[in-house]
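We will go from the whole chain down to single side chains.

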Amino acid sequence: MRRIQEGEEKTIVAQTEQRLRALLLRGMDGDEIAYRDFLQASATHLRAFLRRRLSRWPDEVEDLVQESLLALHNQRMTYHRDAPLTAWMYAIARYKLIDWLRRHARHEGLNDSLEDVSELFSTADTDGSEARRDLEQVLAMLPEQQRAAILHTKIGGLSVREAAAAMRISEASVKVAVHRGLKTLATRLQSGES
């Protein structure tokens, strides 16, 4: 069962990468709707990426998401079409975060060097494996249908219709499974249950 979950998660991550890459490439080729969809989907991923690194400054996350999106837009022509897209995106966000930390340190009169906050900047492999492990633990609390619905819609970025087709259930069942699954997770996580 665990191998199936790992396989599903890898598939969802790969599908997300392919979906984002396809939207960006279509956008770069002139499809304005695809480009807008790329920026909206990217905002979700960047928000999660930055939220983990700015847990002490949650109010700054949105500003950095917007700065990162602007940098993605301004630097979109530097993206190599055969390179992994999310690595490129996260590198840009990481540079924006470093700039913010430098400004913040100067503004606050802090004398800490960036080496002192190096735990904020781990490699993409480490981030990915930690995130996958955390995600596995959290989703393991749920029944199969709720877990799959959340994986497809919230992690994989599929629409409710696409998730319903993939899971071979009704759209209403997907919505209910996601709602109940998220509610269960919120209750368990708030109570410290694992």
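Here is a short tour, beginning with the ground rules.

This is a predicted model, where local features need pLDDT of at least 70, side-chain atom pairs count only at pLDDT 80 or more, and totals for chains, interfaces and linings use all residues. Residues are numbered from 1 along each chain as its sequence is written, and side-chain values use heavy atoms, with hydrogens and water left out.

Start with the cartoon view: the chain has 8 helices and 0 strands (DSSP runs, H or I of at least four residues for helices, E of at least two for strands, numbered from the N terminus).

Next, select Leu24, Phe38, Leu50, Leu85, Trp88 and Met89. Among the 30 residues of the largest nonpolar core, these touch the most other members. Such a core is a set of buried Ala, Val, Leu, Ile, Met, Phe, Trp, Tyr and Cys residues joined through side-chain atoms within 4.5 Å. At least two of its residues come from each of H1 (2-28), H2, H3 (61-74) and H4.

Now show Phe49 and Tyr90. Their rings are stacked, 4.5 Å centre to centre with 10° between the planes (centres within 6.5 Å make a pair; planes under 30 degrees apart count as stacked, over 60 as edge-to-face, the rest as tilted). Phe49 belongs to H2 (residues 32-53) and Tyr90 to H4 (residues 85-108), so the pair ties together parts 41 residues apart in sequence.

Stay on Phe49: at 2% relative accessibility, this residue counts as buried (under 20% relative accessible area; exposed is over 50%, partly exposed in between, with a 1.4 Å probe and protein chains only).

Notes:
Phe/Tyr/Trp six-rings, centres within 6.5 Å; stacked < 30°, edge-to-face > 60°.
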